[in-house]
Amino acid sequence: MSAGATTTVLGATAFVPGRQVSQLTVIDTRTRQQQVLLETTAHIEAPNWSPDGDWLLYNSEGRLFKLRADGTGAPAEVPTELPAWANNDHVISPDGATIYASVNDGHIYAIPWAGGAARRVSNLHPSGTLWLYYLHGISPDGLTLLYVGLTGAADSPRYGLYSLPSAGGPDVLLWDGGVPADGPEFSPDGQWIYFNAEAPERDAGHAQLYRMRADGSGVEQLSHDERVNWFPHPSPDGSQLASLSYPPGTLGHPANREVVLHCRPAAGGAATELVSLLGGQGTVNVNSWAPDSRWLAYVAYPECAPQSGA
């Protein structure tokens with residue numbers, strides 16, 4: 001989900017064409033071995049690994065693309081028509097048949113994996129009522145979506161974590177802590193929901209990692225440090241939690257910052273560093289674990305070498 005910006009390494013708050021490249025990379029979380037599967041001058045974001053392990057799904061310039069997970073072949077666009085740009089909040093159903101994606105009209109759509117007509121899943125609300133859907137999770141049985149809902153006044157929206165049937169149905173509020181929150185995802189057994197939120201007793205810019213029961217009860221804080229921690233992604237075997245870590249004092253989850261990908265036990269505990277990189281927004285906004293719970297996909301945005309004569 002897009003959020004506030006701050007001063008960045010490149011003096012910008014988004015990808016800078018001509019000065020940066022996007023590198024879709026996979027890392028072995030045991031050995032730290034890395035492989036760049038795709039380097040492009042296009043701005044790409046938020047890889048999901050398909051349940052069969054064969055593909056990576058990502059968004060770029062409002063469209064969705066698939067790339068073979070072994071890096072062979074060229075990216076292929078998912079053919080569909082959406083009413084607005086697809087953003088970096090998308091998930092794949094556990095059976096691999098459906099892509100669910102947030103779109104910049106504020107709604108969630110279902111799209112066949114092979115492409116085809118997009119079906120709106122989220123609800124319409126009365127005209128003049130703010131209700132924006134930012135998708136982040138899907139239940140192990142594929143029946144329930146988790147999203148961040150922004151409601152209330154446009155100039156001071158209220159953040160809530162909600163569930164929604166993937167077939168369409170009522171919005172169910174699970175958590176409303178009165179502070180910005182993001183990234184809700186189910187644990188593989190469906191018993192827990194992981195998310196990040198600002199610490200209410202701290203100044204803005206101190207997001208930490210949490211989990212709660214699937215019904216919204218029993219909230220537990222999992223990270224306790226001075227860094228700003230976002231987007232907890234449980235591994236498919238339920239043992240690990242990958243997350244994005246910003247320097248202390250960072251507001252929101254801006255682009256173009258020196259960030260670290262961390263890994264820790266799913267129940268909380270000390271974090272280990274997987275890799276540091278220039279990234280942030282778009283790097284791991286959605287769950288990017290491989291089905292084997294060993295490899296993790298992410299996007300880095302390094303500065304590219306200046307062109308001859310520039």
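**Entry 1: overall dimensions**

I looked up the radius of gyration to start: the protein has 18 Å, which agrees with the value near 19 Å that a compact globule of 310 residues would have. I note here that this is a predicted model. I then took the span of the C-alpha trace along its principal axes, which is about 55 × 45 × 40 Å.

**Entry 2: surface and contacts**

I asked what share of the 310 residues is buried. Buried residues make up 54% of them.

**Entry 3: secondary structure**

I counted the elements next. The protein has 23 strands and zero helices.

**Entry 4: strand E1**

Is strand E1, residues 22–28, enclosed or open to the outside? I checked its residues, and seven of the seven are buried, so E1 is largely enclosed by the rest of the structure. I also sorted the residues by the direction in which they point. Ser22, Leu24, Val26 and Asp28 point one way from E1, while Gln23, Thr25 and Ile27 point the other way. Both sets are buried.

**Entry 5: partners of E1**

I looked up which strands pair with E1. One is strand E2, residues 34–40, which pairs with E1 in the antiparallel sense over six bridges. Within this pairing I found that Val26 has Gln35 of E2 as its bridge partner, and that Ile27 stands opposite Gln34 in E2. E1 and E2 form a hairpin with five residues between the strands. In that hairpin I noted Arg32, which takes a positive phi near 70°.

I then turned to strand E23, residues 295–300, which also pairs with E1 in the antiparallel sense, over six bridges. Here the bridge partner of Thr25 is Tyr298 in E23.

**Entry 6: the sheet from E19 to E22**

I traced an open sheet of four strands in the order E19-E20-E21-E22, with antiparallel pairing. Its edge strands are E19 (228–234) and E22 (272–279), each of which pairs on one side only. The twist from one strand to the next averages 25°.

For Pro234, I found that the bridge partner in E20 is Leu241.

**Entry 7: cysteines**

How many disulfides does the protein have? I applied the cut-off, which asks for a pair of cysteine sulfur atoms within 2.5 Å, and the count came to zero disulfides.

I also looked up the accessibility of two cysteines. Cys263 has 7% relative accessibility, and since buried means under 20%, Cys263 counts as buried. Cys304 has a relative accessible area of 28%, so Cys304 is partly exposed.

Note on methods. Residues are numbered from 1 along each chain as its sequence is written. This is a predicted model: local features need pLDDT of at least 70, side-chain atom pairs count only at pLDDT 80 or more; totals for chains, interfaces and linings use all residues. Side-chain values use heavy atoms; hydrogens and water are left out. Buried means under 20% relative accessible area, exposed over 50%, partly exposed in between (1.4 Å probe, protein chains only). Helices (H or I, at least four residues) and strands (E, at least two) are DSSP runs, numbered from the N terminus. Two strands pair if DSSP finds at least two bridges between them. Axes are lines fitted to C-alpha atoms, for helices over the stretch in contact, and angles run from 0 to 180 degrees between N-to-C directions. The radius of gyration is taken over C-alpha atoms; the globule rule is 2.2 Å times the number of residues to the power 0.38.
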